[in-house]
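Here is a structure to walk through together. Please have a look at the sequence and the model before reading on.

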Amino acid sequence: MASPLPFRHLLVPIDGSELSDAAVQQAVALAEALAARITFFHAQESFYGRPDMAIFGEGLAVDPKVGEQFAKASAVWTEELLTKARAVATAVGLESDAATSVDPVVYEAILRVASERACDLIVMASHGRRGLAGLLLGSETQRVLTHAPIPVLVVPGRPQQG
């Protein structure tokens, strides 16, 4: 007797980078093998930032239209990213969906969408920062790994050897 497939709905956070594109390809191949659905997700940055780390706050307070322009450009770019990712899934006959939100804390947005959409696996790129940047900035992937209540599959940033 066949056992039920382990993963039925994958969440794939994307950011438009080459690493993210590679994760889309890997996630689509996995979803195809499992006959699973995919939700692609892009967290749009909040140009007002986190209250404790707002970088753009003063400029936006002077001219609120600057924030509106950034938000519109981000929305257009996000739609392009999500459409491109969904096209990869559609090309192999997979059902997919797309989601976005504006959020200053990206990993929290990823986990929230995974929960809201009842995803059972997160597939995301490894954005390994090294040295001081890695220490200070960390990685959204690392934050998702340490906080996710569901499995996370990390697509490596470097080609596998051997």
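This is a predicted model: local features need pLDDT of at least 70, side-chain atom pairs count only at pLDDT 80 or more; totals for chains, interfaces and linings use all residues.

Let us begin with the helices. Two packed helices are described by the angle between their axes and the distance between the axes. Here the pair to look at is helix 4, spanning residues 106–116, and helix 6, spanning residues 140–147. Their axes come within 9 Å and cross at roughly 50°. Helix 4 is therefore oblique to helix 6, as the angle falls in neither the roughly parallel range, under 35 degrees, nor the roughly perpendicular one, 65 to 115 degrees. As for handedness, the crossing of helix 4 and helix 6 is right-handed.

Which residues bring the two helices together? From helix 4 come Val 106, Tyr 107, Ile 110 and Leu 111, and they meet Glu 140, Arg 143, Val 144 and His 147 of helix 6.

Now for the loops, where the backbone deserves a look. Most residues other than glycine have a negative phi. Ala 35 has a positive phi of about 55°, although it is not a glycine. You will find Ala 35 in the loop between helix 1 (18–34) and strand 2 (37–44).

Ala 118 also shows a positive phi of about 55°, and it is not a glycine either. Its place is the loop that links helix 4 to strand 4 (121–125). Is Ala 118 buried or exposed? With a relative accessible area of 58%, Ala 118 lies over the 50% cut-off and so counts as exposed.

How values were computed:
Residues are numbered from 1 along each chain as its sequence is written. Side-chain values use heavy atoms; hydrogens and water are left out. Axes are lines fitted to C-alpha atoms, for helices over the stretch in contact, and angles run from 0 to 180 degrees between N-to-C directions. Helices (H or I, at least four residues) and strands (E, at least two) are DSSP runs, numbered from the N terminus. Angles under 35 degrees count as roughly parallel, over 145 as roughly antiparallel, 65 to 115 as roughly perpendicular and the rest as oblique. A crossing is left-handed if the near helix is turned anticlockwise from the far one by less than a right angle, and right-handed if clockwise. Contact means heavy atoms within 4.5 Å. Buried means under 20% relative accessible area, exposed over 50%, partly exposed in between (1.4 Å probe, protein chains only).
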